[in-house]
Amino acid sequence: MVATLSALLPLRILAELVNIGTLLAFLFVCAAVQIMRRTAPDAPRPFRVPLYPLTPILGIVICLLLMFSLPTENWLRLGAWLLLGLAICFGYSRKHSAIMESQ
């Protein structure tokens, strides 16, 4: 599917989609660091975040600033991809979940 889209879409659109997707992933990682520090403070941590909590907060802010600098239609494409991805993920998990089989 991705190969087909890369053959059909202009490079600018592909670059913008990759940019906003990567920035969203980094934003999630920064937010997860914040959440995990509060909800699981005793969890083993194989690495330390320098200047915590400043680093994840700055990461979130910078990612958002860069994301908001992208065109509006790119946000619409991101929303469509997210909805499609979630539909595939939940559709697959509904048929293949070990939790659903045990009930």
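Helices here are DSSP runs of H or I with at least four residues, numbered from the N terminus. With that in hand, welcome to a short tour of this predicted model.

**View 1. Ile13, a buried residue of helix H2.** Helix H2 covers residues 11-39, and Ile13 has its place there. Is Ile13 buried or exposed? Its relative accessibility is 11%, and buried means under 20%, so Ile13 counts as buried.

**View 2. Leu14 and its contacts.** Leu14 also belongs to helix H2. Which residues does Leu14 touch, once those up to four places away in sequence are set aside? They are Leu5, Ser6 and Leu9.

**View 3. Glu16 and the residues around it.** Stay with helix H2 for this one, as Glu16 lies there too. Glu16 has a relative accessibility of 10%, under the 20% limit, and therefore counts as buried. Leaving out residues up to four places away in sequence, Glu16 touches Leu70, Pro71, Asn74 and Arg77.

View 4. Helix H3 spans 54-68, and Pro53 sits in the loop between H2 and H3. Look at the peptide bond from Tyr52 to Pro53: what is its form? The bond is cis, with omega near 5°. Leu51 is found in the loop between H2 and H3 as well. Its phi is near 55°, a positive value in a residue other than glycine. Leu51 has a relative accessible area of 64%, and because exposed means over 50%, Leu51 counts as exposed.

View 5. A pair of aromatic rings is described by the distance of the centres and the angle of the planes. How many aromatic pairs does the count give? It comes to one. The partners are Phe68 and Trp75, with 5.2 Å from centre to centre and 20° between the planes. Planes under 30 degrees apart count as stacked, so the pair of Phe68 and Trp75 is a stacked one. As for accessibility, Phe68 is exposed, with a relative accessible area of 59%, whereas Trp75 is partly exposed at 29%.

**View 6. Stepping back to the whole chain.** Five helices and zero strands make up the secondary structure, in the order α-α-α-α-α along the sequence. The radius of gyration is 18 Å, well over the 13 Å that the globule rule gives for 103 residues, so the protein is more spread out than a compact globule. The C-alpha trace spans about 50 × 45 × 20 Å along its principal axes. Of the 103 residues, 19% count as buried. Among contacts with a separation of 6 or more, 62% come from residues 24 or more positions apart. The protein exposes about 8,000 Å², and carbon and sulfur atoms supply 74% of that area. For the charges, look for 8 positive and 4 negative side chains. The centres of these two sets lie 5 Å apart.

Technical notes
Residues are numbered from 1 along each chain as its sequence is written. This is a predicted model: local features need pLDDT of at least 70, side-chain atom pairs count only at pLDDT 80 or more; totals for chains, interfaces and linings use all residues. Side-chain values use heavy atoms; hydrogens and water are left out. Helices (H or I, at least four residues) and strands (E, at least two) are DSSP runs, numbered from the N terminus. The radius of gyration is taken over C-alpha atoms; the globule rule is 2.2 Å times the number of residues to the power 0.38. Buried means under 20% relative accessible area, exposed over 50%, partly exposed in between (1.4 Å probe, protein chains only). Contact means heavy atoms within 4.5 Å. Accessible areas come from the Shrake-Rupley method with a 1.4 Å probe; for residues, only the protein chains shown count as cover. Lys and Arg count as positive and Asp and Glu as negative; His and the chain ends are not counted. The place of a charge is taken as NZ of Lys, CZ of Arg, CG of Asp or CD of Glu. Rings of Phe, Tyr and Trp (its six-membered ring) pair if their centres lie within 6.5 Å; planes under 30 degrees apart count as stacked, over 60 as edge-to-face and the rest as tilted.
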